[in-house]
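Keep the structure open beside the text as you read.

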Amino acid sequence: MKALVRRRQAARGVFWRALGREPRRLAAIGFWSVLEAAPAFLIGHAVARAIEDGFARAEPATGLAWLAALGVAWLVGAVAARQVVLGVAAVAEPFRDDLLTHVVEGTLNRGASRDSAAVARATLQVELARDAFAAVVTTVRGFVFTVAGVVLGLATLAPQALALVLPPFAIGLGLFLASLPALARRQRAFLLADERLADEMTATAGGLRDIEACGLREPVAARLDRQVRAQAAAARALARVTAARTAALAVGGWLPVVLVLAGTPRLLDGGLGPGVIAGTLAYVTQSLAPALGGLVQGLGVSGIRLAATLGRIAASTPSIGPSIGPSIGPPRPRIRPSACDVRLSAVTFAYGPHSAPVVDRLDLTIPEGDHLAVVGPSGAGKSTLAALVSGMLQPDTGEALVGGVPADRLDPAARVLIPQEAYVFRGTLMENLIALGTQDVPDLAGKLDESVTAVGARELVDELGGYEARLDPAALSAGQRQLIALVRAYLTPAPLVILDEATCHLDPAAEARAETAFARRGGTLVVVAHRLTSALRARRILLMDGTRVTIGTHDELIRTSPLYADLAGHWHPEPVS
């Protein structure tokens, strides 16, 4: 329990660090917030002066001038609001990146590399936290500056009215803040109940055939009914607490209007004019009440969501990294091997405790500088082998070594794996090409041009508009994404390169050029082959057929392996032009 509390505190600490990371950006947000809050200060004065000095004295020009000044203030406020949104977004994105980094590192550090569903759920929660973070910052900031503008405006326009406005406003604000802990608990309980129901529904939908075959319809339906009832009860409990927000808004936002109206005779007797009374009501109805309503809505929804999401992230990530909290055990050091030979000794791997092994007692040696192609029918375990060699998966038994170092302990700079679906992120082409820590490569510009030319991506670079062109991954074809990933891998100094069908979306000529470039680059190359020509270019070929493996040259396998001969017969080499 104490560890969970520490993790939650650490996760929430990311919030405050994100705010304090760039004081200059916060100062800019504060400056624009002052301009955005200008109408909140001016509205009461403008209404009062327009009535008192203008329309009440039959001087409509003066009244219209005051209203025009208020209109200009609204325009300035709109421009400032846009700048505030941009500033908050610039703060929210690093918050998201930090939180996502810690979530993924924590998940991997605890050895959960196989639990992709857990990482996906945590990633979704990070996106929710980012959105809620931005909403909370925007809402609280707007509330503070608006209330400051209203108080300053009332103090300079009608100080007598402060006693009628501020006490009920403070009481309403206090009621709302007091309800937040209960609201957070109910929101968290609702999220948990909703997740349990979703998990139960997913499990049930996946096993409908077995449920029917085993005659388990009634007990399964009863279990689902319990989850539905629990979720409904959590929703009702949340709704009851949420009602406190309405009471807080009524007391803090609208009771001041009633008190000002009821106290109007007394205010008039005190020397305030009708225009000043109207200005006071404008402060309350147009600035103060909307600000409180925004805070109630923002913190009551986004704030609670942020707290609940950070709590869920902390609870589901046992180790979220040293920078935001204590880890469970020290992180294992990464090792840069002196060689890049690969040795698998009696490696067995299955994707679940009750699943059949995909790789079973595999012994494999890939000498340094070798070029190995891996072939086999679909589902034979080729991508699993690539993940074991790269350290993305850990053997259930046996060991996978690269240069004598366990593959999962390799320094990331010592190996590179390109999967079939290449990853490209939003950013410039240059940022995508140097994303593997190649910023310190000597003569980076020259090496980059060399890599682009070698892999055959020069035409793509020109087509995209050069290295500074901004990329939209959704607008790129699968082949274009693969070319970008190939250049990225070629540019790295990694001596071990694993291409897991990394050229499958390229035409045969482009594939041949890319694979030949990697073969000439030096180091150890492992290619999960998509076409027969990829296997023909390799020095050796590993044939995988379930848990049976055979290794040899193309000619050797044609003579000794009926499966390989069959694959070669169905693999129609395409002419390379």
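The lining of the largest cavity consists of 10 nonpolar residues, with no polar and no charged ones; here Ala, Val, Leu, Ile, Met, Phe, Trp, Tyr, Cys and Pro count as nonpolar, Asp, Glu, Lys and Arg as charged, and the others, Gly among them, as polar. A cavity is a set of points on a 1 Å grid over the protein atoms alone where a 1.4 Å probe fits but cannot get out, and lining residues have an atom within 4 Å of a point. The residues in question are Leu429, Leu433, Val452, Ala457, Leu460, Val461, Leu464, Leu483, Ile484 and Val487. Helix H12 (429-433), helix H14 (458-464) and helix H15 (478-491) each give two or more residues to this lining. The space inside comes to about 40 Å³, a volume filled by probe spheres set on the points, which are joined across faces, edges and corners. There are 2 cavities of 30 Å³ or more by this rule.

A word on the model itself: it is predicted, so local features need pLDDT of at least 70 and side-chain atom pairs count only at pLDDT 80 or more, while totals for chains, interfaces and linings use all residues. Residues are numbered from 1 along each chain as its sequence is written, and side-chain values use heavy atoms, with hydrogens and water left out.

Now look at the nonpolar cores, sets of buried Ala, Val, Leu, Ile, Met, Phe, Trp, Tyr and Cys residues joined through side-chain atoms within 4.5 Å. Buried means under 20% relative accessible area, exposed over 50%, and partly exposed in between, with a 1.4 Å probe and protein chains only. The largest core has 61 residues, and Phe95, Phe133, Phe143, Phe176 and Leu306 have the most contacts inside it. Among the helices that supply at least two of its residues are H4 (60-109), H5 (116-157) and H10 (274-316). H10 gives the largest share, 15 residues. Apart from this core lies another of 35 residues, including Ala457, Leu483, Ala494 and Ala514.

Stepping back, the protein has 19 helices and 12 strands, taken as DSSP runs numbered from the N terminus (helices H or I, at least four residues; strands E, at least two). Of its 577 residues, 46% count as buried.

Conventions
On a 1 Å grid over the protein atoms alone, a cavity is a set of points where a 1.4 Å probe fits but cannot get out, and a pocket is an open set with protein on both sides within 12 Å along at least five of seven lines; lining residues have an atom within 4 Å of a point.
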